[in-house]
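Student: Please give me a close look at one residue and its surroundings. Then widen the view from there.

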Amino acid sequence: MKTACSYATTYAASLADPAAFWLAQAQLLQWHTPPGEAIIQDANGFYRWFNQGTLNTSYLCLDYQVQEGRGPQPALIYDSPVTSTQRTYTYSELLEMTARFAGGLRKLGVALGDRVIIYMPNLPEAVVAMLACARIGAVHSVVFGGFAPHELAVRIDDARPRAIVCASGGMEFDRVIPYKPLVDEALALATHQPAHVVVLQRDFVTAELQPKRDVDYQELLRAAPVAAVPVPATHPLYILYTSGTTGRPKGVVRDHGGHAVALLFSMRTVYGLAPGETMFAGSDIGWAVGHSYIVYGPLLQGCTSVLFEGKPVRTPNAGTFWRLIEQHQVNVVFTAPTAIRAIKKEDPEGLLARPYDLSSLRQLFLAGERCDPATYTWAGQLLGVPVVDHWWQTESGWPMLATLVGLEEMPPPRAGSAGFPVPGYDIQILDEEGLPVPPGVTGLVAVRLPLPPGCFPTLWNDDARFRESYLQPFPGYYFSGDGGYRDADGYCYIMGRVDDVINVAGHRLSTGEMEEILAAHPAVAECAVLGIVDALRGQVPIGLVVLKDGHVAGEESLERELVSRVRALIGALACFRAVLVVKRLPKTRSGKILRKTLRQLADGEDFLLPATIDDPTILDEIGADFRRRAIGLAFERTA
Ligand code: COA
Ligand code: AMP
C-alpha cells in the first residue's frame, strides 16, 4: 500500500510544522476527547503530545476494529513449532478474551495507573495481558523471559507492580524453562511484593501456586468483560526496561496517545501495510520490536500479526521463517540481522526456502543492530524482495531511519545504510562539541527536539536520568548513544554504540553492568568488559580481569566462576562466555580504561595509539593474550 505522498514532501511537512503534521495524523484515530493542542512542554520542559485528548489503545486495537467490520478477521496467528501448536484468534475473540482478562485484573484490585509485570514467552495470553492492562489504564511492563531472577527483581522494585502475570514455563528448542520458580526467586530478592501472581499453566510444566497470592490465569478469563476506559493521551501505556551504561536499567515510558498516532503512521508509511494484510515480526514481546510490531502496530492498523514462539533455526530447521511466510501469507517480515545470519549459517544455499511459495512477501525489514552488507545481499538474493535495514531504539519505539516503502519517490535501500530520516525525526550528525559534521564524516547521532509522538517522554521515576542521559549531552537535541554518518546522497549509516552498551544477537546489554558483576568477585582488582565482533550474534561480551595482589586463582576456574555469575545475575542471553586474566589494563594518564582501543585490538581493527595512553606496551601484552585465547579473529569466528 502506498499513500499518494512523496517522501520528500512528507518529511519536509513534518519538520516545517510538527504540530499541524501530527494533528492531521491524529485525526485518523478514534479519540474519546479530541487531542486539542498538539504539543506542549511540561513543568520539566519535556515535550508532551496531545495533552488534552483522551482515548484508549486497547479500544483502538480491538473494539474499533470490530466496529469497522473486522470482527471475523484474524488478528493474531499464534505459531509455535516448539509446542507443535497453531491457533488463530479473530479480532472478536481477542476482544472477548482481553475484556474478560481486564475484568479479572480489576477483580484482583488492579486499578488505573497500577503497574503489572508480564514475564512470559511469545504467547497469545501475554498479548491479551498487555491489551487488558491498557484497557483499564494499568501500565504493563513486559520483562523478556531470558532475564535471570536478579534482573526481574530489579524491575519489580523499580516498577512496584500490583500484579505479575507469568507462564509456568517456556520452551527453548526442546529444553523446558520453568518460569514460575524464577518469579518466586525474583520475589525473594525483591523488596516490593505484588499482591498477586497470575500464572498461566502450560501443558508441559505445572507451576506450584502459593495460596492466596497466586491465581490461575484461566480464572481471570472467566471474569465478566469490562469496557475500555478513556485515559489522557499522556497516560503511560507501558514501561519497557532497557540497558543503560550501568547495572540499573532504564524504564522507558510510552504513552497512549502519541504512541497510537506514531504506530499507525508507521504501519502505513514505513511498512506500507493496509488493513487486512499480514505482518510477521520475528522478535519477542519482551523487546520494543515485539511491543510495536507484534502487538500494537498491526492491531491499530487492522492487520493480522503472526506471533511466533520459536527461533529462526532448529525449530525445527532454518526453513521455519519461509514456512511461516507461505502458510500465513505474510506480506512484511521484520527481524534482526542475527536471525538471518543464523539461517545463512545453517542453510548457506537457501535450499530450505525452495519448497515454499514466498510470493506474498513484499519486503524484509531488519533492525536491532547494523546489517552487514554480506547478510543484506544474501537475504535479498534469496528472497527476491527489497531488504530494508532501518534504525530505531527502545526509546523511540518506532523507526527513526528507514526506507519508507509506503511513500512515493523514496530512494531505494542501499547496503550498509539504515536509510533516510523518518518524518518527524530531524536527524543530525554532530561532533563532540555539538556542531554538525559534513557528509562522509562519522559523528554522534542526535535528533533535534521535539521528538515526534510515540517517543518516550521520560524515564519511569527518573526525570533526572532522562535529562542527563539524553538531553544534556547536546542541548536542544536527543542524544541516541549511536555513532554514524550521512553520505553525500543523504543516506545515513549507523555504525554502533559510542557508550558501554552492546548488542548481542539483537539483545541490548550493558557492559557496565557486567563489569559491576566481575568487580564484585573477591579475586578481581579491576576489569573491563568489551563487546567484540561475532559472526553470528554481531557482538559478544568478553571480560578482561586483573587479579588482586596475592590472588593466584587458576584462569580456568576463575573464568568458570565469573561466567556463571553473569549468567546467574543477568541471564544466558548475555552470552558472556570468555574471561581473560591480564596483568594490567591500558589506561589514559588520568586513569580511564581505554575500552575502545581494547575492542579495536580484539577485532583486529587498525587504530591510532591514543595520545593520552599511559603505557603503550600494555597493548602488546594484551594482544598476546588475545592470540593465546584465539580472540580477535572477528568475523572468521563462529559462535
Ligand atoms: N528464556 C530463557 N532462556 C533464553 C531465552 C528465553 N526467552 N532466550 C534466550 N535464552 C537463552 C538460550 O537458551 C541460550 O542459552 P544457552 O546459553 O544455555 O544455550 C542463551 O539464552 C542465548 O540465547 P540466544 O542468543 O537466543 O542463542 P540461540 O543459540 O538460542 O539463538 C539466534 C541464536 C540468533 C537464533 C537467536 O538469538 C535469535 O533468534 N535472535 C534474534 C533476536 C531478536 O529477535 N532480537 C530482537 C530485536 S529485533
Ligand atoms: P534497542 O533499544 O534494544 O532496540 O537497541 C537499540 C540499539 O540497537 C541502537 O542504539 C543501535 O545501536 C542498534 N540498532 C538498532 N537498529 C539498528 C540498525 N538498523 N543499524 C545499526 N544499529 C542499530
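Tutor: Start with Thr-458. Leaving out residues up to four places away in sequence, Thr-458 touches Phe-46, Gly-251, Val-252, Val-253, Asp-463 and Phe-466. Contact here means heavy atoms within 4.5 Å. This is a predicted model: local features need pLDDT of at least 70, side-chain atom pairs count only at pLDDT 80 or more, and totals for chains, interfaces and linings use all residues. Residues are numbered from 1 along each chain as its sequence is written, chains are lettered from A and ligands numbered from 1 in the order written, and side-chain values use heavy atoms, without hydrogens and water.

Thr-458 sits in the loop between β24 (443-448) and α14 (463-471). Such helices (H or I, at least four residues) and strands (E, at least two) are DSSP runs, numbered from the N terminus. Thr-458 counts as buried because its relative accessibility is 13%. Buried means under 20% relative accessible area, exposed over 50%, and partly exposed in between (1.4 Å probe, protein chains only). The side chains of Thr-458 and Asp-463 make a polar contact of 2.7 Å. A polar contact is a pair of N or O atoms within 3.5 Å; within protein, one must be able to donate a hydrogen and the other to accept it, and residues adjacent in sequence count only if both atoms are side-chain atoms.

Next comes helix α9. Asp-255 caps its N-terminal end, with a side-chain oxygen 3.3 Å from the backbone nitrogen of Gly-258. Of the 14 residues of α9, 14 are buried, so the helix is largely enclosed by the rest of the structure.

Now the wider fold. A nonpolar core is a set of buried Ala, Val, Leu, Ile, Met, Phe, Trp, Tyr and Cys residues joined through side-chain atoms within 4.5 Å. The largest has 118 residues, and Phe-101, Tyr-293, Tyr-296, Phe-334 and Trp-398 have the most contacts inside it. Helix α5 (residues 124-135) gives the largest share of this core, 9 residues. A second, separate core of 66 residues includes Val-143 and Leu-573.

Last, a sheet. Seven strands form an open sheet with mixed pairing, in the order β5-β4-β17-β16-β18-β19-β20. Two strands pair if DSSP finds at least two bridges between them. β5 (85-90) and β20 (387-389) stand at the edges with a single partner strand each, so one side of each has no neighbour in the sheet. Strands β4 (residues 74-80) and β5 run antiparallel, joined by 6 bridges. In this pair, Leu-76 stands opposite Tyr-89 of β5.
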